[in-house]
Amino acid sequence: MFASKPSLSNLDARYYVDPALFGRERQAIFRTHWHMLGPILQLKEPRAYLAVDVAGWKLFALRGRDGLLRRFHNVCRHRGARLLGEGAGKCQTLRCPYHHWVYAEDGALQQVPFFGEDDSFDQRDWPLQAAQLAEWRGLLFIAIDAQISLLEQLGDLPEEVEPYPLESYVAVEAKSFLMRSNWKTYTDNFVEGYHIPGIHPGFMKVIDFKNFETVARNGLVRMTSPQKSGSIYGGKWLWMWPNWTLSVFPGGMNTSRINPIGVDSTHLHYHFYFADLSAEMETSRLETIEVNCGIVREDFGICESTQLNYASGAYSPGPLSPRHEQSVAYFQGKVKAALM
Ligand code: FES
Ligand SMILES: [Fe+2]
């Protein structure tokens, strides 16, 4: 017996488990797109830096003493050591921990202690390799070799969030999660609400699931749902190609970056932003963060066990729901197009 051929079907399992295919995605998707790094305010002070991983590439942004924000590969030009540890901090001198080469804040190689004589070596030939930075509505983006402008990549997002005062929201909390699944296993899951009854029973109670709507268009997936009383959600969840999300709730929002660190490992980097930072609202802010993180965690188990089934060889592509999973097909179509 052969299964009937549905009009929309899931990706072949090899897309989720093949290391060579992941290598192609790194080049065709992650190297060539902008990556959302959270609030630009985290780099407000002179000498503040943020060092990140983007699908294996190590990059950092640094606010100079002159106030300019610069961005480089976090790779020493000598023998390739990482200059700055991952995360945010303050950097007085950009000195490689390995052999103490020192770089100026504009990336120029400044000192090469104890190097010895070599007439054919010119320090000026060895600046740090530059990356790219952009800002949109208070959010910082970095790219290795972006092929289009940030605004082009954002597609319909600016219009979608135009009524929300994003710049007035302040990030009060950052949370990171590690998941043992391919980045697409998680993304497929994020862009559909079809799994809400099965995986998020608590969430199901506060939304009007019958009227849950999913729209995929021009670089984003928008999910909306009418809310029941007692909900702390804003009823609007957005995912943007290739790998970030923005969800609004009353008086704030959260953003996340879905960053693969291997074919079957993915980091999620969340920020929670609020308009009202008053002490009286602290309990409510903490509750919003906790409830949202609880929902994020509820997805891990199902993504990880699905990933194991993809890896087992027992899965052949199944049909996608025309009511709820057009968005999954949209995302997967963009992945396939990028890999062509
Ligand atoms: S690798 Fe950086 S100084 Fe040697
Ligand atoms: Fe979910």
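This is a predicted model: local features need pLDDT of at least 70, side-chain atom pairs count only at pLDDT 80 or more; totals for chains, interfaces and linings use all residues.
How many residues of domain 1 are in contact with residues of domain 2? The answer is in the first view below.

View 1. Residues are numbered from 1 along each chain as its sequence is written, with chains lettered from A and ligands numbered from 1 in the order in which they are written. The chain splits into domain 1 (1-33 + 155-340) and domain 2 (35-146), with bounds from an automatic or database domain assignment. Here 16 residues of domain 1 are in contact with 16 residues of domain 2 (contact: C-beta atoms, placed from the backbone, within 7 Å). The C-alpha centres of the two domains sit 31 Å apart.

View 2. A nonpolar core is a set of buried Ala, Val, Leu, Ile, Met, Phe, Trp, Tyr and Cys residues joined through C-beta atoms within 7 Å; buried means 20 or more other C-beta atoms within 10 Å of a residue's own. The largest one has 68 residues, and Phe60 and Phe141 are among those touching the most other members. Leaving out residues up to four places away in sequence, Phe60 touches Arg71, Phe72 and Leu84, among others.

View 3. Strands (DSSP runs of E, at least two residues, numbered from the N terminus) E9 (residues 132-136) and E10 (residues 139-143) pair antiparallel over five bridges; pairing takes at least two DSSP bridges. Ala134 has Phe141 of E10 as its bridge partner. Two residues separate the strands, and Arg137 in the turn has a positive phi of about 50°.

How values were computed
A residue is buried if 20 or more other C-beta atoms lie within 10 Å of its own, exposed if 12 or fewer, and partly exposed in between; C-beta atoms are placed from the backbone. Two residues are in contact if their C-beta atoms, placed from the backbone, lie within 7 Å. Helices (H or I, at least four residues) and strands (E, at least two) are DSSP runs, numbered from the N terminus.
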